[in-house]
Amino acid sequence: MNDSPPTFKQAMLAALPSLRAFALSLSGRPDRADDLVQETVMKAWAKQDSFKLGTNMQAWLVTILRNTFYSQMRKRGREVQDTEGAFTARLSVPPSHDGVMDMADFKHALLSLPDEQREALLLVGASGFSYEETAEICDCAVGTIKSRVSRARTKLQELLQISGPSDYGADPVSQRVVSRSFAD
Amino acid sequence: MGQTPNNGKAAVDTASEAVPKDDRSSEAMPQDEIGRRLRAMYAEVESETIPADLIALLEKLDAAEERDGK
């Protein structure tokens, strides 16, 4: 380890693990996530002069990545919606035991959220940005971010608990699962 | 149809259970079941080695820059 401050390349390397995590959690697809990260790296490199070393590299990269994600979505349009439909359908499978979802179910629940809600929740709850930083990244008001995070969490809590008989019309299988846990 | 507010099993220990803050936690980061799952999800990816082609891309960009004498 040397004492000199990190170079642009070093700073970028250090930011990649978290960036990859965000890309995968946002897009839900490993191939798309890898593509997003690569594009982000290339774009960031090309405009490195606009970045001031020592400022928030993570926020800067994440901003480029999410903008790339949305512009790709606009181009792909319908194709992406169908993909998300396939993910959402998975949610009809009842939880494996005692209403507790495993990681796969959590991921699918996350992917069923509207993109902006999932994005806000990820940035605040996993990437570790403040509400203010997240608002800058998403180019909107802090209040909007708070509202998106709140709605995302409420929806996830509903999906995680899956208490049934529920308003969602629980199927007989999940009702039996819940009845068993009440009997304990 | 009776609906229990919280079926008594899931996500109950949230507020009372002390969750250690990790390096990146902010005041906005939820210290509860959802927060834990989110960070566990990230930890999965972050523990992976960075793909070789991504490293190669960075090296290529870096090398090209040095060639151009920037």
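The model is predicted: local features need pLDDT of at least 70, side-chain atom pairs count only at pLDDT 80 or more, and totals for chains, interfaces and linings use all residues. Residues are numbered from 1 along each chain as its sequence is written, chains are lettered from A and ligands numbered from 1 in the order in which they are written, and side-chain values use heavy atoms, with hydrogens and water left out.

**Chain B and its helix 1**

- Chain B contains 2 helices and 0 strands; helices (H or I, at least four residues) and strands (E, at least two) are DSSP runs numbered from the N terminus.
- Of the 70 residues in chain B, 36% are buried, where buried means under 20% relative accessible area, exposed over 50% and partly exposed in between (1.4 Å probe, protein chains only).
- The accessible surface of chain B is about 4500 Å², and carbon and sulfur atoms account for 52% of it; such areas come from the Shrake-Rupley method with a 1.4 Å probe, and for residues only the protein chains shown count as cover.
- Helix 1 of chain B (residues 33-46) has 14 residues and spans 20 Å from first to last C-alpha, close to the 20 Å expected at 1.5 Å a residue; the expected span is 1.5 Å times one less than the number of residues.
- The buried residues of this helix include B:Ile34, B:Leu38, B:Met41, B:Tyr42 and B:Val45.
- Their cover includes helix 1 (8-27), helix 5 (103-112), helix 6 (115-125) and helix 8 (142-161) of chain A.

**Salt bridges**

- Over all chains there are 13 salt bridges, each defined as a side-chain nitrogen of Lys or Arg within 4 Å of a carboxyl oxygen of Asp or Glu.
- B:Glu33 and B:Arg36 form a salt bridge with their closest N and O atoms 3.3 Å apart; the two residues are 3 apart in helix 1 of chain B, which means that about one helical turn separates them.
- B:Glu33 counts as buried because its relative accessibility is 19%, whereas B:Arg36, at 27%, counts as partly exposed.
- A:Lys9, B:Glu59 and B:Asp62 are joined into one network by salt bridges that share partners.
- In chain A, A:Asp115 bridges to A:Arg118 at 2.8 Å between the closest N and O atoms, and both residues are buried.
- A:Arg29 pairs with A:Asp31 in a salt bridge with the closest N and O atoms 3.1 Å apart; A:Arg29 is partly exposed at 23% relative accessibility, as is A:Asp31 at 47%.

**The loop residue A:Asn56**

- A:Asn56 lies in the loop between helix 2 (30-46) and helix 3 (57-76) of chain A and is partly exposed, with a relative accessible area of 32%.
- Leaving aside residues up to four places away in sequence, A:Asn56 touches A:Phe51, A:Phe129 and A:Glu133; contact means heavy atoms within 4.5 Å.
- A:Asn56 and A:Glu133 are 77 residues apart in sequence, with 9.7 Å between their C-alpha atoms.

**Aromatic pairs**

- The whole structure holds 5 aromatic pairs over all chains; rings of Phe, Tyr and Trp (its six-membered ring) pair if their centres lie within 6.5 Å, with planes under 30 degrees apart stacked, over 60 edge-to-face and the rest tilted.
- The rings of A:Phe8 and A:Phe51 have centres 6.1 Å apart and planes at 65°, so this pair is edge-to-face.
- A:Phe8 lies in helix 1 of chain A and A:Phe51 in the loop between helix 2 and helix 3, so the pair ties together parts 43 residues apart in sequence.
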